[in-house]
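Please look over the structure shown here before reading on.

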Amino acid sequence: MDIFLIAGVLLAAAVLYLLFRPGETGAWAVVTIDGQETARYPLSQDITVTLGDADYNILMISDHAASITDANCGDHTCVHTGAVRRDGEAIVCLPHRLIVRIEGGETPSVDGMAG
Amino acid sequence: MDGKHIARYALLTALAMTLAWLESLIPVSSAVPGMKLGLTNLVVVFALERMSVRDAAAISLVRVLLVSLTSGNAYSFAYSLAGAALSLAVMLPLKKTGRFSITGISVAGGVCHNIGQILVAMAVLGTSRLVYYLPALLVSGAAAGTAIGIVGGIVAKRVRLA
């Protein structure tokens, strides 16, 4: 019976992967805190910004990829996640209720930048 | 409940807390939210094999509470409680069917632990986008569960309870 259980789990993983795999290279890094979008940055432009005040996460965009380089949360899951660049990928900081997710779309011009 | 039983509870709970601390020193297991090696599950596996289903549940839940009180916050408590509770909710009935070996039960526990954690993360963050982490969490949960189940099974066979 064990082998059916393990095979079932792996099959479910394969199906879910095919359904939800990240797409093409994204265009924006969208910052959401507490379910509210607070900023979006184009991946085409290298920057480093500090998100939040007392609870901070440092977001770096470099080489068309976004990563959290430092944070004062307890677990540093966001830092360990590394760089994300594909549409649908995300970096999560659960203690700060923050997500940086990658969205696709038009390659943004500098004029269209917000935040 | 006799004194021997209480001492055994205390010993296993302390061991589970120590393993939780040990695991927190391994950074690679936290690159995906919810991904864990699940060292503390060794204790649950041991209790399931050698003690009772009720003992395993009690030790696991007390461990979650104590670890959160000493080193966590409200969110990490919700997070690990969801993992432990869902994992127990699946492992205990599987154990009762008598059809699965301890490795199979441990796999189910590892996978459900990860699913529970990602569900809480989705609820806290108010997004369903984290489902794309699920395949990685299922595979890692199955791998970790297999390893923990095999080791836990050996330990449960060898340890002599006084």
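Predicted model: local features only at pLDDT ≥ 70, side-chain atom pairs only at ≥ 80, totals over all residues.

- Strands S3, S4 and S5 of chain A make up an open sheet in the order S3-S4-S5, and their pairing is antiparallel.
- Strand S3 (47–51) and strand S5 (65–71) of chain A each have a single partner strand and stand at the edges, so one side of each has no neighbour in the sheet.
- From one strand to the next, the twist averages 25°.

**The contact with chain B**

- On the chain A side 27 residues are in contact with 30 residues of chain B.
- Helix H1 (2–20), helix H2 (77–81), strand S6 (90–93) and strand S7 (98–103) of chain A each contribute at least two residues to the side that touches chain B, and H1(A) gives the largest share, ten residues.
- By residue class, this side of chain A consists of 16 nonpolar, seven polar and four charged residues.

**Chain A as a whole**

- Chain A has two helices and seven strands, which follow one another from the N terminus as α-β-β-β-β-β-α-β-β.
- Taken along the principal axes, the C-alpha atoms of chain A fill a box of roughly 55 × 35 × 25 Å.
- Of the 115 residues of chain A, 33% count as buried.
- Among contacts in chain A with a separation of 6 or more, 40% come from residues 24 or more positions apart.

Terms used
Residues numbered from 1 in each chain as written. Chains lettered and ligands numbered in written order. Pairing = 2+ DSSP bridges. Helix = DSSP H or I, 4+ residues; strand = E, 2+ residues; numbered from the N terminus. Axes fitted to C-alpha atoms, helices over the stretch in contact; angles between N-to-C directions. Contact = placed C-beta atoms within 7 Å. Nonpolar A, V, L, I, M, F, W, Y, C, P; charged D, E, K, R; others polar. Buried ≥ 20, exposed ≤ 12 C-beta atoms within 10 Å, placed from the backbone.
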